[in-house]
Amino acid sequence: MNPVLAEIYSTVLPAAPFLIGAYVLIWLAVLIFILVINNKVRHAEQQLMLLEETLSRQVRSSEDLE
């Protein structure tokens with residue numbers, strides 16, 4: 001093996017577990033962020049549907065009173 005490559009590999013490979021761990025943590029953080037955002041969007045959609053339903057009931061009841 002080329003001595004220059006051997007020197008590079010000897011300095012890079014000991015840090016590989018830390019690099020892999022950092023990537024795992026980053027991907028885990030991104031996944032958790034996506035799940036939290038998805039949960040909030042779903043909750044907001046449910047609230048919007050409830051609001052639309054309540055508003056349509058109020059409009060119907062006010063039309064019935066006229």
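The tour goes from the whole chain to single residues.

This is a predicted model, in which local features need pLDDT of at least 70 and side-chain atom pairs count only at pLDDT 80 or more, whereas totals for chains, interfaces and linings use all residues. Residues are numbered from 1 along each chain as its sequence is written, and side-chain values use heavy atoms, with hydrogens and water left out.

Begin with everything selected and colour by secondary structure: the protein has 2 helices and 0 strands, where helices (H or I, at least four residues) and strands (E, at least two) are DSSP runs numbered from the N terminus. The radius of gyration of the protein is 28 Å, well over the 11 Å that the globule rule gives for 66 residues, so the protein is more spread out than a compact globule; the radius is taken over C-alpha atoms, and the rule is 2.2 Å times the number of residues to the power 0.38. Along its principal axes, the C-alpha trace spans about 90 × 15 × 10 Å.

The protein exposes about 6300 Å², of which carbon and sulfur atoms supply 71%. Of its 66 residues, 0% count as buried, the classes being buried under 20% relative accessible area, exposed over 50% and partly exposed in between (1.4 Å probe, protein chains only).

Now select Leu19, Tyr23, Ile26, Trp27, Val30, Phe33, Ile34, Ile37 and Val41, which make a nonpolar surface patch of about 940 Å². Such patches are made of residues with over 30% relative accessible area and no salt bridge, nonpolar side chains (Val, Leu, Ile, Met, Phe, Trp, Tyr) being joined within 5 Å and like charges within 9 Å.

Centre on Val30, whose place is in helix H2 (residues 16-65) and which counts as partly exposed because its relative accessibility is 35%. A distance drawn between the C-alpha atoms of Val30 and Asn2, 28 residues apart along the chain, gives 39 Å.

Select Gly21, which also lies in helix H2 and is partly exposed, with a relative accessible area of 28%. The C-alpha atoms of Gly21 and Ala6, 15 residues apart along the chain, are separated by 24 Å.

Finish at Glu53 and Arg57, which form a salt bridge whose closest N and O atoms are 2.4 Å apart, the criterion being a side-chain nitrogen of Lys or Arg within 4 Å of a carboxyl oxygen of Asp or Glu. Being 4 residues apart in helix H2, Glu53 and Arg57 are separated by about one helical turn.

Definitions and conventions
Areas by Shrake-Rupley, 256 points an atom, 1.4 Å probe, with all protein chains shown as cover.
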